[in-house]
Amino acid sequence: MNFSVFLYKLEYAKDKIKSRIFYRFLFNSLGRGSVISKPIILYNSEHVSVGANVLIRRGLRLEVLIRPDKRKAGIVIGNNVNIEQNLHIICQNRIVIGDRVSITGNCAIVDTTHPYLGESEKTGSVVEYNDDEVIIGSNVFIGFGTIILPGTKIGDGSYVGALSVVKGIFPNRSLIYGSPARLIKSLA
């Protein structure tokens, strides 16, 4: 075994132990066999449920906002999900990621919007609390650098191409690509 492979396996073992001992107390639930590598931000992670055998690589920014109406916001991540480096998730209502989903690097998933309040307010300092949510079905692939916006539903078995900006409702087995993303074709 070469040295870089040895170091990778050692780092993975450390992350696995830290997930079982430490991160499991920070989440609502953390399924068996799930591994979280060093995150950047975990904000209100007690409102996040993570399924079994989930791998989350370094650089996760995960924030659940507390709603002024006291309605509970939350994130659910299914089983057998892999999330590559630098995923940014911000939730003000509900984000669901199904089972067997692959999310590649440098992606963002948000159900939040920042309304324009005029020049007297700092743009981005206020969140619009509403019923927007994001639902990603099972067996979905999300390509590198994709941004998934509020009100999006991606059906089971779909494929989202790299660098897409996704907003809308897409049926099962969709090939989705573009900025803005559109349905390219149905996958047979």
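Four bridges join strand 6 (residues 61-64) to strand 9 (residues 88-91), and the two strands run parallel. Strands here are DSSP E runs of at least two residues, and helices are H or I runs of at least four residues, both numbered from the N terminus. Two strands pair if DSSP finds at least two bridges between them. Glu63 stands opposite Ile90 in strand 9. Ile90 also stands opposite Val110 in strand 12. Strand 9 is joined to strand 12 by three bridges, again in parallel.

This is a predicted model: local features need pLDDT of at least 70, side-chain atom pairs count only at pLDDT 80 or more, and totals for chains, interfaces and linings use all residues. Residues are numbered from 1 along each chain as its sequence is written, and side-chain values use heavy atoms, with hydrogens and water left out.

An open sheet of eight strands has the order 2-5-8-11-14-17-20-21. Its pairing is mixed. Here the edge strands are strand 2 (35-36) and strand 21 (181-186), and each pairs on one side only.

Two further parallel pairings are listed below, one with strands 12 and 15, the other with strands 14 and 17.

| Strand | Partner strand | Bridges | Bridge partners |
|---|---|---|---|
| Strand 12 (residues 108-110) | Strand 15 (residues 147-148) | Two bridges | Ile109 and Ile148 |
| Strand 14 (residues 141-142) | Strand 17 (residues 159-160) | Two bridges | Ile142 and Val160 |

Asn44 sits in the loop between strand 3 and strand 4 (48-50). Its relative accessibility is 18%, so Asn44 counts as buried. The classes are buried under 20% relative accessible area, exposed over 50%, and partly exposed in between (1.4 Å probe, protein chains only). A polar atom of the Asn44 side chain lies 2.7 Å from the backbone oxygen of Val64. Such a polar contact is a pair of N or O atoms within 3.5 Å; within protein, one must be able to donate a hydrogen and the other to accept it, and residues adjacent in sequence count only if both atoms are side-chain atoms. Leaving aside neighbours within four places in sequence, Asn44 is in contact (heavy atoms within 4.5 Å) with Val64 and Ile66.

Phe3 lies in helix 1 (residues 3-21). Phe3 counts as exposed because its relative accessibility is 60%. Together with Met1, Val5, Phe6, Leu7 and Leu10, Phe3 makes a nonpolar surface patch of about 630 Å². Patch residues have over 30% relative accessible area and no salt bridge; nonpolar side chains (Val, Leu, Ile, Met, Phe, Trp, Tyr) are joined within 5 Å, like charges within 9 Å. A salt bridge is a side-chain nitrogen of Lys or Arg within 4 Å of a carboxyl oxygen of Asp or Glu. Areas come from the Shrake-Rupley method with a 1.4 Å probe; for residues, only the protein chains shown count as cover.

Arg24 is found in the loop between helix 1 and strand 1 (29-30). Arg24 counts as partly exposed because its relative accessibility is 40%. Its side chain reaches the backbone oxygen of Arg20 at 2.6 Å. Leaving aside neighbours within four places in sequence, Arg24 is in contact with Ser19 and Leu30. Arg24 and Gly151 are 127 residues apart in sequence, and 29 Å apart in space, C-alpha to C-alpha.
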